[in-house]
Amino acid sequence: VDLDGTLVRGDSMVYCARLLVWRRPWYLVGMAVWHWRGRAALKHVIVRRVTPDPAGLTYEHELIAWLKAEQTRGRKLVLASGSDRRIVAAIARYLGLFDDFFASDGRTNLTGSRKVAVLEAHFGAFDYVGDSWTDLAVWRRARLCYLVARRRRLATRLGREVRFARIFDATRNI
């Protein structure tokens, strides 16, 4: 299960960056410098300075209900995100749904082909829940694909590329 835009509405790293700049505006200059070290490093540095309270985030309740039902059926659930591991770990602990998690670690930005490589190395075959074009590389290697659709048009366009086992309609929650 992907985190940003899928399990949680919005982007947790953008939320953290805004929170950091709001609390300490002088870090805006630092973020430009940290970005030169790469996206994973930038995410790591931001989250070392500010981590949101998982209880304050907005979750996709329909997806969570489905995940709980799948967990009851014995399915192993893993949170796999490009967000920094501190955020991902905090959310995984807070929800208590996930058997494991994979995330960016300050060196590796866990998105696209890097996410696919980690999932295949650990599980071989896997199913994947995502929300956007950035998940396309993962869906192409997944056994079953699930979409949290924020925009109907995007769901239609992605449906030309990927056959979804289920689409969660998140457009009504916006």
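In this predicted model, the side chains of R73 and E70 meet in a salt bridge, with a nitrogen-to-oxygen distance of 2.7 Å. R73 is exposed, at a relative accessible area of 66%, whereas E70 is buried, at 7%. Both residues belong to a network of salt bridges that also links R75, D127 and R143. The points below place this pair in the context of the chain.

**Overall make-up**
- The secondary structure of the chain consists of eight helices and five strands.
- Read from the N terminus, the elements follow the order α-α-α-α-β-α-β-α-β-α-β-α-β.
- The chain has 174 residues, and 51% of these count as buried.
- The accessible surface of the chain is about 9400 Å², and carbon and sulfur atoms account for 51% of this area.
- Among contacts between residues at least 6 apart in sequence, 52% join residues at least 24 apart.

**Strands β1 and β2**
- Strand β1 covers residues 78-84 and is mostly covered, since seven of its seven residues are buried, that is, under 20% relative accessible area.
- β1 pairs with strand β2, residues 100-104, in the parallel sense, and four bridges connect the two strands.
- Within this arrangement, V78 stands opposite D100 of β2.

**Salt bridges across the chain**
- The count of salt bridges in the model comes to 11.
- In one of them, the side chains of R9 and E60 meet at 3.1 Å, from N to O.
- This pair links distant parts of the chain, as R9 lies in the segment before α1 (12-23) and E60 in the loop between α3 (39-49) and α4 (61-72), 51 residues apart.
- R9 counts as partly exposed at 29% relative accessibility, while E60 is buried with a relative accessible area of 3%.
- A further salt bridge joins the side chains of R166 and E62, at 3.2 Å from N to O.

Key
Residues are numbered from 1 along each chain as its sequence is written. This is a predicted model: local features need pLDDT of at least 70, side-chain atom pairs count only at pLDDT 80 or more; totals for chains, interfaces and linings use all residues. Side-chain values use heavy atoms; hydrogens and water are left out. Buried means under 20% relative accessible area, exposed over 50%, partly exposed in between (1.4 Å probe, protein chains only). Two strands pair if DSSP finds at least two bridges between them. Contact means heavy atoms within 4.5 Å. Accessible areas come from the Shrake-Rupley method with a 1.4 Å probe; for residues, only the protein chains shown count as cover. A salt bridge is a side-chain nitrogen of Lys or Arg within 4 Å of a carboxyl oxygen of Asp or Glu.
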